[in-house]
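Hello,

Here is the structure I promised to pass on. Please look it over, then read my notes below.

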Amino acid sequence: RVRLDRLTPAMLADWLQTLRETAGARTCGLAHAVLRACLARAGKLDLLARNVASQVTPPTTTRTAGTT
């Protein structure tokens, strides 16, 4: 557990990497998007000084050719 005011971009990147090892890139991207939106809202309410999720690049997804 980490207090949100002590969360760093490196901590978030490590968490996303760990998540990526067990889940897909899309899941990680969605988790990053939700966290980024929540932290942005907290920033607008003056609950946080900065949104560290906006400083972290989400994992990329690669498109694969589907078979039909």
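A polar atom of the Asn 51 side chain lies 3.1 Å from the backbone oxygen of Arg 36. That is a polar contact, meaning N or O atoms within 3.5 Å; within protein, one must be able to donate a hydrogen and the other to accept it, and sequence neighbours count only if both atoms are side-chain atoms. The Asn 51 side chain also reaches the backbone nitrogen of Ala 53, at 3.0 Å. Asn 51 sits in the segment after H2. Its relative accessible area is 16%, so Asn 51 is buried. The classes are buried under 20% relative accessible area, exposed over 50%, and partly exposed in between, with a 1.4 Å probe and protein chains only. Leaving out residues up to four places away in sequence, Asn 51 touches Arg 36, Leu 39 and Ala 40. Contact here means heavy atoms within 4.5 Å.

Two notes on the source. This is a predicted model, in which local features need pLDDT of at least 70 and side-chain atom pairs count only at pLDDT 80 or more, while totals for chains, interfaces and linings use all residues. Residues are numbered from 1 along each chain as its sequence is written, and side-chain values use heavy atoms, with hydrogens and water left out.

Now the overall layout. The protein has 2 helices and 0 strands. Both are DSSP runs numbered from the N terminus: helices are H or I with at least four residues, strands E with at least two. Of the 68 residues in the protein, 19% are buried. Take contacts between residues at least 6 apart in sequence: 57% of them join residues at least 24 apart.

Next, the helix pair. Two packed helices are described by the angle between their axes and the distance between the axes. H1 covers residues 9-22 and H2 covers residues 25-44; their axes come within 9 Å and cross at roughly 150°. Axes are lines fitted to C-alpha atoms, for helices over the stretch in contact, with angles from 0 to 180 degrees between N-to-C directions. H1 and H2 are therefore roughly antiparallel. The angle classes are roughly parallel under 35 degrees, roughly antiparallel over 145, roughly perpendicular from 65 to 115, and oblique for the rest. The H1 and H2 crossing is right-handed, meaning that the near helix is turned clockwise from the far one by less than a right angle.

Which residues in H1 and H2 meet? H1 brings Leu 12, Trp 15, Leu 16, Leu 19 and Arg 20, and H2 brings Ala 25, Cys 28, Ala 31, His 32 and Leu 35. By class, this contact has 8 nonpolar, 1 polar and 1 charged residues. Nonpolar covers Ala, Val, Leu, Ile, Met, Phe, Trp, Tyr, Cys and Pro; charged covers Asp, Glu, Lys and Arg; the others, Gly among them, are polar.

His 32 lies in H2. Its relative accessible area is 2%, so His 32 is buried. The His 32 side chain reaches the backbone oxygen of Val 56 at 3.1 Å. Not counting residues up to four places away in sequence, His 32 touches Leu 12, Leu 16, Ala 53, Val 56 and Pro 58.

Some remaining points:

- Thr 8 is in the segment before H1 and is partly exposed at 28%. Its C-alpha is 9.4 Å from that of Asn 51, 43 residues apart in sequence.
- Ala 40, in H2, is partly exposed at 31%. Its C-alpha lies 8.6 Å from that of Ser 54, 14 residues along the chain.
- Asp 46, in the segment after H2, is exposed at 69%. Its phi is positive, near 60°. Most residues other than glycine have a negative phi.

Best wishes
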